[in-house]
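Colleague: I would like to learn how to read a few features of a protein model. Could we take them one at a time?

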Amino acid sequence: MTQANLLTYLDNHPETIIPASGDGNTFISLSSQNFPAILIDGTLAANNLIAEDSEGMLTLSEYAKFLRDMRLKKNSLLIADLQSGFGNPLNTFYSAKELERSGGDIILLNDQTYPAHTTAEPITTTPEDLIGKLRAAKDALENPATQIWIKLEGIQSYGIDGIIQRIGYLAKAGADAIAIDHYDADQLAQLAETKLPLPLMATWEPGTKQIAGISGWLDKGYLPSVIKRAQLEAINYIKQGGLTYAEK
Amino acid sequence: MLKNEKMRHQFKTEVMSGHIVEMMVAPDALAAKISEAEGAQAIFSAGYATSASALAMPDRGIADFGLSLERCRQIVNAVNVPVFADADTGYGDLDNIKRTVESYEAIGAAGMFIEDQVWPKRCGHMDGKKVEPTEVLEAKLRAAKAARKHDDFLIMSRTDARAVYGLDDAIARSKRYRAAGADLIFIEAPQSVAELEKIHEAFPETPLMANMIEDGKTPLTKKEDLQKLGFNIVVHPNTLTYTQAYAEKTLIETLKRDGSTKAYKDRMITFPKFNEFVGLDQVNARDAEYSPEKMAEAYMH
């Protein structure tokens, strides 16, 4: 599947969840299934590689190395997490280039300030800065098939009108698709009913109500969260075993 | 054509052209960029220079796959001429070979060699080398060819058997390596011009590489003479490493003696010239290109 075909596929299969991975085990499990793409998520990679909960703790070079390793394991589409560009538009230029050369087919840029944080209420940047980063990322790309998707994370601060305005600017500046994060169900429903110039996706986690008008859902790490719960259970089991032995 | 495709294609075309390709070993990205600017047709990311530059250690099998791959990747990203990779023994068994080939191909190298030394290896011009039975590298070469995604990612065999069993054995091994799939042949450390001639006589139709190492086992021979001898690639493996080391040593001696670098300044590139060389003006221009004012003007009306 090509990047362009992916958007068509998502449009025809709007219930599709694109799974997220940040570690090799999860990636291999997902790779053996027929998902149209896999998101190599910055937060999950930060959890795995440096034991940190916030994406902004992970540097570009650390993330890109992991992306290259996963690229070798899978031929199908990978979405690379550019975070907020790892700096200003100039940094975004070199970061996007690095992620494309490391195997990213789709580059996901968010509208946080730098450094990006994994938080429910992130601080978002100005439309001018975001557009500059988008243009820089586009100028950095070598392969005309590589796409740039923008994750808008500030609906709680700039509202529906602000997000519609941003989507208009981003369409004009050459973005390929939009993903909305940190929304509530009513806001998303309202957006889904609005005629927008770009394909609209949203982030997904268990309990998310999938609604019409959203063409595709970006997983926020369901599989790693299940694994984490299983690990805690296993740890408790080991601890109980240890206590039993000590009591003997 | 994407950069990786272009580099592979360009290298193969040059190697097969009948004109000898001059390949500089670059210890790092800056040295590679300087080599490119001064006319090197290709860059070689090789073990001796990487061990020295990254670890300040001899080429004795201490620099591993990850370190060597990353150094090669930095060089590939810094230049627009083809970059060939030294993959030592392939860093393990046949599974490792597969990963090594896939990785070097993915970062945009134009090709790589693998050698028949016993790991941990030594620089080809050091004493005390040991080589594996011929079957070992034959199997690795077959695995390497099976692992590559593009036929123009060239695989070179290197034998170090000259120092252990003599030139005839090195030639016999290389014939088997060629039959196992090596695109290019490298017999390390021949000891005379007559030996260089004999290598060409054994491989009249196969692209050959000669290694011109200062104070090494092979007589330093001019590029033009190597071409006449039938070689397709000449590589200068340690020249930049030794020159850097000498320059740094003498500079620090001057600084310690005089208390300043003034007496050495005529042997340095200047601040403005260096900034120009590494593209400061282009970076600044790009930074200005995405200013908030320009973005608002172009996309927010």
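Colleague: How far apart are A:D129 and A:K133 in helix 6 of chain A?

Modeller: Helices (H or I, at least four residues) and strands (E, at least two) are DSSP runs, numbered from the N terminus. A:D129 and A:K133 are four residues apart in helix 6, so about one helical turn separates them. Their side chains meet in a salt bridge, with 3.3 Å from N to O.

Modeller: Before we go on, this is a predicted model: local features need pLDDT of at least 70, side-chain atom pairs count only at pLDDT 80 or more, and totals for chains, interfaces and linings use all residues. Residues are numbered from 1 along each chain as its sequence is written, chains are lettered from A and ligands numbered from 1 in the order in which they are written, and side-chain values use heavy atoms, with hydrogens and water left out.

Colleague: What is a salt bridge?

Modeller: Side chains of opposite charge can pair when their charged atoms come close. The cut-off used here is a side-chain nitrogen of Lys or Arg within 4 Å of a carboxyl oxygen of Asp or Glu. Over all chains, the structure holds 34 salt bridges.

Colleague: Is A:K133 buried or exposed?

Modeller: Buried means under 20% relative accessible area, exposed over 50%, and partly exposed in between (1.4 Å probe, protein chains only). A:K133 has 1% relative accessibility and therefore counts as buried.

Colleague: Which parts of chain A does the salt bridge between A:D111 and A:R166 tie together?

Modeller: The side chains of A:D111 and A:R166 meet at 3.0 Å, N to O. A:D111 lies in the loop between strand 5 (106–110) and helix 6, and A:R166 in helix 7 (residues 155–173), so the pair ties together parts that are 55 residues apart in sequence. A:D111 and A:R166 are both buried.

Modeller: Another salt bridge joins the side chains of A:R101 and A:E142, at 3.8 Å from N to O. This pair links distant parts of the chain, 41 residues apart: A:R101 is in helix 5 (residues 89–101), and A:E142 is in the loop between helix 6 (127–140) and strand 6 (147–152). A:E142 is partly exposed, at 34% relative accessible area.

Colleague: Which residues does B:T89 touch?

Modeller: Contact means heavy atoms within 4.5 Å. Leaving out residues up to four places away in sequence, B:T89 touches several residues, including B:I97, B:W119 and B:K140. B:T89 sits in the loop between strand 3 (83–86) and helix 5 (94–107) of chain B, and at 2% relative accessibility it counts as buried.

Colleague: How does the radius of gyration of chain A agree with that of a compact globule?

Modeller: The radius of gyration is taken over C-alpha atoms, and the globule rule is 2.2 Å times the number of residues to the power 0.38. With 248 residues, a compact globule would be near 18 Å; chain A has 19 Å, which agrees. Chain A comes to nine helices and nine strands, and buried residues make up 53% of its 248 residues.
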